[in-house]
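Welcome, and let's get to know this structure together. Please have a look at it first.

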Amino acid sequence: MSAPRTTARLLLGGAMVFAGVAHLTFQRSEFQAQVPGWFPVDEDLTVLASGVVEIGLGAAFVALPRRRRTLGALLAAFFVAVFPGNVAQYLEGADAFGLDTDRARLVRLFFQPLLVLWALYGGGWLRRRD
């Protein structure tokens, strides 16, 4: 595994742990604002559950380098799974994380695919086959 790929894996894993802790503590209400109104599960339960998942995936991505491909794929899938919440935040005009304009919420949507690519890269999925 290359140094840049390892660095990407460690940074993303650490960021996920941090985000998960934020879900459970100091940014809980911000994350609740992102849960779509149509989602059939209680907002707080959704935020708590996703926070636990983020902590688990992030910690595993850091601590289990031999499982990096599986964990990178799971992280990428997680980012895809939560994307409808980001779209709903834009469509519903929900303010959270300083995203208080339609433009800011729209621009944020374009960062989710980058997270998917980051997870796949850190997991070793995006490499040339010679």
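Buried here means under 20% relative accessible area, with exposed over 50% and partly exposed in between (1.4 Å probe, protein chains only). This is a predicted model, in which local features need pLDDT of at least 70 and side-chain atom pairs count only at pLDDT 80 or more, while totals for chains, interfaces and linings use all residues. Residues are numbered from 1 along each chain as its sequence is written, and side-chain values use heavy atoms, leaving out hydrogens and water.

Q: What share of the 130 residues of the protein chain counts as buried?
A: Burial is judged by the cut-off of under 20% relative accessible area. Of the 130 residues in the protein chain, the buried share is 35%.

Q: Is α1 parallel or oblique to α4?
A: The axes, lines fitted to C-alpha atoms over the stretch in contact, have angles from 0 to 180 degrees between N-to-C directions. Those of α1 (residues 3-24) and α4 (residues 68-92) come within 12 Å and cross at roughly 50°. Angles under 35 degrees count as roughly parallel, over 145 as roughly antiparallel, 65 to 115 as roughly perpendicular and the rest as oblique. Therefore α1 is, relative to α4, oblique.

Q: Which residues in α4 meet R9, L12 and M16 in α1?
A: Contact means heavy atoms within 4.5 Å. On the α4 side, R9, L12 and M16 of α1 meet R68, L75, F78 and F79.

Key. Helix = DSSP H or I, 4+ residues; strand = E, 2+ residues; numbered from the N terminus.
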